[in-house]
Every structure is written in structure tokens, then in C-alpha cells.
Amino acid sequence: MAGSITSKGAAVAEGRRERPLIVTEDLDLLDDLLRLCAAAGAEPEVHHSVPEQRGRWESAPLILVGDDAAERCRGAARRRGVLLVGRAQDDPSIWQLAVEVGADGVVRLPDAEGWLVDRIADVAEGVGEQALTVGVIGGRGGAGASTLACALAVTAARSGRRTMLIDGDPLGGGIDVLLGGEQTAGRRWPDFASSKGRVAGSALEESLPELHRLRVLSWDRGDSVVIPPEAMRSVLAAARRRGGVVVVDLPRRVDEGVAEALAQLDLGLLVVPGELRALAAANRVVSAVQMVLGDLRVVARGPYGPGLDDAWVAASLGLPLVGELPWEDGLPAARGETVPPGEGGGPLASFCAAFWDRALTGGAAS
């Protein structure tokens, strides 16, 4: 593998996270705040005044104080992470109340709902390393990009890493088929087509089918659905915030949605068969992808045409060479079995394991 990749996908142990607090007796305001917490994937504690439990006020990662409860919170310990929340748009006294309770700021609903959801989501998900995100693209049709994407995800999951596999090609038939999971319950891309704001990473992960120890976002068997750029951006950002690794199977054409996906990749792998026609097609893909993605590398695939080899393929495209993709005839998934690429060992699994070892440790290739 040429060069190294900064490790963003190291496993992070998840401890128990403290829950945000809501302090209010205003039932309408409470309904609004509970709705926003649900959108952010957080389960808050609700109190009418400063909690009696020792240290709870001090340890909560975020406290949302309703403007009705400000006077009851005046004697609480001063700390960061307190927000005064209200709906009065032109009440100057709310700023004085914020000073009295030591709030970081004032949140006015409904105008600041989007901002507040983001703030709650940050608390709910914690601050950790983002996932190492790898995209796989075919240099031409039938290059084996989906097989490699699937094998990379399966191999990462087998090693104990949190792994998500995302199918970014609506015309690819659904990558869950390669995993034998097209009938497995869970959400698919059409369920996220209208996503515009922040998607909670934990809610995304829990809603997806779990196949072979990894989470999979694929397509259903219905008509093709266009994923707006905003939805692609929101979903991929949520997947990355969960840490571990994210593998994205991408089409060769670059539309607005694919461009959003490319912008969030740490690395792109271009699978190129060793033949002249494939190289001609791959050159066009490279031109489009490199307009968005800075780190694109070649995975060459034999058999090669006369006088060609993996180094020649990479040099012709002007890209670093990751290595040669070992092709396994009669992969189990291709025979209709439920063992996916990379699961049963063999050269392909070894190739993927070596890739992750280098990528996740930041080690240079020998």
C-alpha cells in the first residue's frame, strides 16, 4: 500500500454517558424539548427545579432550563453547559434571568430548534474519533467494487470494529443481497430520502439491518429513489460520528449526491481490471472523482492483458497503488449462499485484513 492513512477508526470504549437535564413545569415547553431530544437521540431527565440528587446538576452534560424555572434555579452551582430556553421572542427580561442562573446563552423556540437539536445530539453521542471512511468505486462496470466493499466491511466487523456498510448506488441492485440479507428487517435508503437536518448516529445505527456483525444501509426492491445531497450529507455524517469504520460502495457517475459522499471520504479505492478498455473507462472516472476527493488510490485486478501488471495500471492512471485484488472464482454469495465475500477466509479476506491493519494504524506500506 502506498503511503499511510491517518487513523480515525480506532475502537473507542463506550462508557455510560450522563443524560441531559430538562428543568421546567411548562408542559408545552416540555413537550417541545422532549421532541427535540428524541430527534437528537437523547433520553433526558426531567425535573421541576434543581435536582435533589447530590451532584446531578454538576455532572449533567447539558441542562435546559425553561424560562419558567429560572427563579427556582438561582441558587444552583455555577457551571458551563446551562441554556435558558423560552418561546418569548421580545421579552428583554429573559437575558437578566440567564445571567442569574449562570446560563451560557438563551435559546428561543421555535427559531433555534435546529441549533438546539445539534447541541443535544453532540451531548448524546459524545465527542470521539470519527470513523475511518473508505469509498470503493469501479473503474468500469463489473470491476468488482461491490464485492470489495462488502469484503472490506465484513473483515473489519470480524476484527471487532464497529462497522457500517453504505450502498451509494441506487442502480446496483442492493448490496444487502451480497450479504444474503435482502429480507432482513430494518430501514433502507428510501426511509432517509427526506432527511435534511442532523441525523442521530445512534438512531441511524440501531435502525439498520444487522448482517454478519455489521450494519448495512442498502436499497429496497422498489423503484429507484433519488437521494438528495442533503440526505446523503446527513446520513454519512451520522455514520461517521459513530466511530469505527464506514465503507461506502459508490457508482462511477458523480452526481450531486455522490459528490456529497466523496467529500466525506478519507480514502477512495478505484478497482480497475488490467485491460486497456477498463483503463480508458477508469480515466474518465478518475477525472470526475478527483474534482471532489483528494486521496484516490488504485486496486488492480487481474487477469492482465499482454504486457500489463498492477504497477502499470496504477502508473497509467497516475494514482498510488494499494495492491492487487485477489479474485476468487465462485464466491459463496454468487452461488446464492449466505456466506458473504471476506467471511470465509481466503485471499480476498487476507487482502482486506492487511488493508485495515495498515489503514487503522497509520503504518506505511513496506
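1. **Burial and strand E4.** A residue is buried when its relative accessible area is under 20%. By that cut-off, five of the five residues of E4 are buried, so the strand is largely enclosed by the rest of the structure. Keep in mind that this is a predicted model.

2. **The two faces of E4.** Strand E4 covers residues 82-86. Val-82, Leu-84 and Gly-86 point one way from the strand. Leu-83 and Val-85 point the other way. Residues on both sides are buried.

3. **The sheet around E4.** E4 belongs to an open sheet of five strands. The strand order is E2-E1-E3-E4-E5, and the pairing is parallel. The edges are E2 (45-47) and E5 (105-108), each of which pairs on one side only. On average, neighbouring strands are turned by 25° against each other, direction ignored.

4. **Bridges on either side of E4.** Which strands does E4 pair with? E3 is joined to E4 by four bridges, and the two run parallel. E4 is joined to E5 by four bridges, again with parallel strands. On the E5 side, Val-85 stands opposite Val-107. Leu-83 has Gly-105 as its bridge partner in E5.

5. **Helices on the sheet.** Helix H3 (residues 93-101) lies across E4 and E5. The angle between H3 and E5 is about 135°.

6. **Cis peptide bonds.** Two are worth checking in the backbone. One joins Leu-109 and Pro-110, with omega about 5°. Pro-110 sits in the loop between E5 and helix H4 (113-125). Another runs from Gly-302 to Pro-303, with omega near 0°. Pro-303 is placed in the loop between strand E12 (296-301) and helix H10 (310-317).

7. Where do His-212 and Arg-213 lie? His-212 is in the loop between strand E8 (210-211) and strand E9 (214-217). Arg-213 is also placed in the loop between E8 and E9. Phi of His-212 is near 55°, a positive value in a residue other than glycine. For Arg-213, phi is near 70°, again positive in a residue other than glycine.

8. His-212 has a relative accessible area of 26%, so it is partly exposed. Arg-213 is at 47%, so it too counts as partly exposed.

9. **Confidence.** Mean pLDDT for the chain is 86. Of its residues, 89% reach 70 or more. Residues 6-16 have pLDDT below 50. Beyond near neighbours in sequence, that stretch still has 22 contacts in the model. Residues 330-336 also have pLDDT below 50. There, ten contacts are found beyond near neighbours in sequence.

Methods: Residues are numbered from 1 along each chain as its sequence is written. This is a predicted model: local features need pLDDT of at least 70, side-chain atom pairs count only at pLDDT 80 or more; totals for chains, interfaces and linings use all residues. Side-chain values use heavy atoms; hydrogens and water are left out. Two strands pair if DSSP finds at least two bridges between them. Axes are lines fitted to C-alpha atoms, for helices over the stretch in contact, and angles run from 0 to 180 degrees between N-to-C directions. Contact means heavy atoms within 4.5 Å. pLDDT is the predictor's confidence in each residue, from 0 to 100. Buried means under 20% relative accessible area, exposed over 50%, partly exposed in between (1.4 Å probe, protein chains only).
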